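This report goes through one protein model, from a salt-bridge network to the sheet and the nonpolar cores. The sequence and the coordinates are shown first.

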Amino acid sequence: MVSLSPAEALGSHAPGVRDLLVEVVRSRHDREAEAHLAKGSRYSMGFGSQWRDLLDDALEALADRGYQSHKLAPAGYELPVVNDSLIYVWRVPGTPDAVSRFASSPTRKNGFCARPPDPMLFELGFGNEPESDDEASGEAEKVKVEHLVRVVGDSMPVVLVMVHSSPRQLQSIEWAVADLDDEGKVKLHGHEAIWEPELIAADATSDGGSFDSGTPVPPAVEPRKQEGTDPDAR
């Protein structure tokens, strides 16, 4: 059964994981944007190559919290696993139907049939403290039973974290549970934004002006150049 949202898939871990992933993505974007600016390139292909760093950054951040991981064949990418859900952080390319074609590579497609790892006694997670021996023994049995009930004959939900960005701006971070249909296309469930830049409304009183007269000047929008296929399409 497909989870209806990332919050449902990740359970009590969702708030902490969401905040950590936002921090990871923003940090990576700042570094890549600075490098792109220093390079002085007119093209964004190099900026788009951050896709592998995003995977590694998310893995390291969640591994530091005690979470497990799963390696996807054939490319061998190692992805974090939280609450028996696979987390894939992905910068969305500026190509048509990019999301529906997310599983176009064998590696990504294999993520939709990945089996959960063996349960751990403790997942350090966010703010959890070690328990006493008696509590640990009871918790171990509970974790084992819940794990078996949840995953018998099932694969892990894929929580897809989608990053929309250009060298000039991190536009949004979204997440959803991704599901692969019979035609090989990806459908999203519980799709929502988890970070967006603050929208600064024009303050009509700040400069004594008003929209009652004249024509407001729309913000400039820079079109994104079409990027090449990710190197993991294998």
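D53 counts as partly exposed, at 31% relative accessibility. The model is a predicted one. D53 forms a salt bridge with R28, with a nitrogen-to-oxygen distance of 3.8 Å between the side chains. Because D53 lies in helix 4 and R28 in helix 2, this pair ties together parts that are 25 residues apart in sequence. R28 itself counts as buried, at 10% relative accessibility.

A second pair, D57 and R31, also meets in a salt bridge, at 3.8 Å from N to O. D57 belongs to helix 4 and R31 to helix 2, so the parts tied together here are 26 residues apart in sequence. D57 is buried at 14% relative accessibility, while R31 is partly exposed at 44%. Through salt bridges that share partners, R28, R31, D53 and D57 are joined into one network.

The structure holds five salt bridges. One of them links R18 and D19. R18 has a relative accessible area of 31% and is partly exposed; D19, at 46%, is partly exposed too.

| Salt bridge | N to O distance |
|---|---|
| R18 and D19 | 3.4 Å |
| D53 and R28 | 3.8 Å |
| D57 and R31 | 3.8 Å |

Six strands form an open sheet with mixed pairing, in the order 1-2-3-4-5-6. Strand 1 (68–72) and strand 6 (186–195) are the edge strands, each pairing on one side only. On average, neighbouring strands of the sheet are turned by 35° against each other, direction ignored. Helix 4 (residues 51–63) lies across strand 1, strand 2 (77–82), strand 3 (85–91) and strand 4, and runs at about 40° to strand 2.

Strand 4 (residues 158–166) and strand 5 (residues 169–180) run antiparallel and are joined by nine bridges. Within this pairing, S165 has L170 in strand 5 as its bridge partner. Strand 5 also pairs with strand 6 in the antiparallel sense, over seven bridges; there, D179 stands opposite K187 of strand 6. Strand 5 and strand 6 form a hairpin with five residues between them, and G184 in the turn has a positive phi of about 85°.

H164 is found in strand 4. Leaving aside neighbours within four places in sequence, H164 is in contact with V92, L170, Q171, S172 and E174. With E174 there is also a polar contact of 3.2 Å between the side chains. The C-alpha atoms of H164 and W90 are 8.9 Å apart, although 74 residues separate the two along the chain.

## Nonpolar cores

Which residues touch the most other members of the largest nonpolar core? In this core of 26 residues, they are V17, I87 and V89. Two or more residues come from each of helix 1 (6–10), helix 2 (14–39), helix 4, strand 3, strand 4, strand 5 and strand 6. Helix 2 gives the most, with seven residues.

V89 is in contact with L21, V25, L54, L55, A58, V161 and V163, neighbours within four places in sequence being left aside. Another core, of 22 residues, lies apart from the largest one and includes L79, V81, A114 and A176. Nonpolar side chains tend to be buried together in soluble globular proteins.

How values were computed. Residues numbered from 1 in each chain as written. Predicted model: local features only at pLDDT ≥ 70, side-chain atom pairs only at ≥ 80, totals over all residues. Heavy atoms only, no water. Pairing = 2+ DSSP bridges. Helix = DSSP H or I, 4+ residues; strand = E, 2+ residues; numbered from the N terminus. Axes fitted to C-alpha atoms, helices over the stretch in contact; angles between N-to-C directions. Contact = heavy atoms within 4.5 Å. Polar contact = N/O pair within 3.5 Å; in protein donor to acceptor, adjacent residues only side chain to side chain. Core = buried A, V, L, I, M, F, W, Y, C linked by side-chain atoms within 4.5 Å. Buried < 20%, exposed > 50% of the residue type's maximum accessible area, 1.4 Å probe, protein only. Salt bridge = Lys/Arg side-chain N within 4 Å of Asp/Glu carboxyl O.
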